[in-house]
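Hi everyone, thanks for coming. Let me walk you through a structure that may be new to you, and please have it open as I talk.

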Amino acid sequence: MRSAYDEAEMSAKTISALALLLVLRLPAQIPANPAVTQQNPPAAASTEPDVTFSFPVQPGGEPFRFESVIDKDRYVTGISIFYPGETAPRQTLSTCGGKDETLDELYQAIVETGPLLKHADLNFDGFEDLKLLYYYIPHLGKRLDCIYVWDKKTQRYIYSIALTKIATNLEPDPESKTLTTREDWMFGPWEESTYRWIGGKPVLVEQTSLLGGWGQPNKPCGFDFSCSRRIHGKMTTTLAKPICEPEEMDDLPQCPAAPAIPKAYLRKPASARK
């Protein structure tokens, strides 16, 4: 989900695009050796990303086929889902991102962060969920995805608002059954968050951040480093330190170690956890 820092990032992205356009408008240089012009140019590498995907929804199951829906202006408007053995899509999911970036504009994100459509078990129920890329900020490595989870009852994918809101570089950890996110902003601020499924929704349980900026009036220490953890149902700060010199940003303290989670707790129903 975009934050207050993102306006500056989008401006920087626009400036980069204008610089690229200027370079493309410059006249090509004439080779010093005329013989070079007679050689056949090397074949251009394909810049068309994969738009069709195939994988099973459940381990050991037959693969489903997922085809990107792309309009005449090259915007990805959704994903059509073909169930095993079927030639017509049984379901088409609309993107949550509108017309933020065309498929061509998303190409760099695909090269640097992986396919247009990713899949992983995000709620740890044994079924693959979907992450559909809709926006990317390259100089920060910030990938935003629309999230769709598999519903066992209806045997269909449904859009998850709760997961999409936190889906900035979202990754699952099957061993700890947690979800992690990482968000960076220009000039140094960042935030890492860990979520656990509680009561059928992802709940923030741990967070580490370096927030602020240099040159703020009446604030000699520009940044604040902090660690927090969910304790007895509330997020509690476990460490806080002002960062007064740029050199300190490369030597941040370790957050207090998290206590081990009892196995009995993990065996509890999600609704009984706090």
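Let me begin with what I mean by a patch: it is made of residues with over 30% relative accessible area and no salt bridge, with like charges joined within 9 Å and nonpolar side chains (Val, Leu, Ile, Met, Phe, Trp, Tyr) within 5 Å. A salt bridge, in turn, is a side-chain nitrogen of Lys or Arg within 4 Å of a carboxyl oxygen of Asp or Glu.

A quick word on the source: this is a predicted model, where local features need pLDDT of at least 70 and side-chain atom pairs count only at pLDDT 80 or more, while totals for chains, interfaces and linings use all residues. Residues are numbered from 1 along each chain as its sequence is written, and side-chain values use heavy atoms, leaving out hydrogens and water.

So, which residues gather in a patch of negative charge on the surface? They are Glu 245, Glu 247, Asp 250 and Asp 251. Asp 251 sits in the loop between strand 14 (234-243) and helix 4 (263-267); helices (H or I, at least four residues) and strands (E, at least two) are DSSP runs, numbered from the N terminus. Asp 251 counts as exposed because its relative accessibility is 59%. For that word, buried is under 20% relative accessible area, exposed is over 50%, and partly exposed is in between (1.4 Å probe, protein chains only).

Now the cysteines. How many disulfides does a search of the whole structure find? Three, taking a disulfide as a pair of cysteine sulfur atoms within 2.5 Å.

Cys 96 and Cys 146 make one of them, with sulfur atoms 2.1 Å apart. Cys 96 lies in the loop between strand 4 (91-94) and helix 2 (107-113) and Cys 146 in strand 7 (residues 142-151), so this pair ties together parts 50 residues apart in sequence. Cys 146 is buried at 0%, while Cys 96 is partly exposed at 29%.

Another disulfide links Cys 221 and Cys 244, sulfurs 1.7 Å apart. The torsion about the S-S bond is about 70°, so this disulfide is right-handed.

Then there is Cys 227 with Cys 255, S to S 1.9 Å. Here the torsion is about -75°, so the disulfide is left-handed. Cys 227 lies in strand 13 and Cys 255 in the loop between strand 14 and helix 4, so parts 28 residues apart in sequence are tied together.

Finally, number the bonded cysteines in sequence order, and the pairing reads 1-2, 3-5, 4-6.

Conventions: Accessible areas come from the Shrake-Rupley method with a 1.4 Å probe; for residues, only the protein chains shown count as cover. Lys and Arg count as positive and Asp and Glu as negative; His and the chain ends are not counted. The place of a charge is taken as NZ of Lys, CZ of Arg, CG of Asp or CD of Glu.
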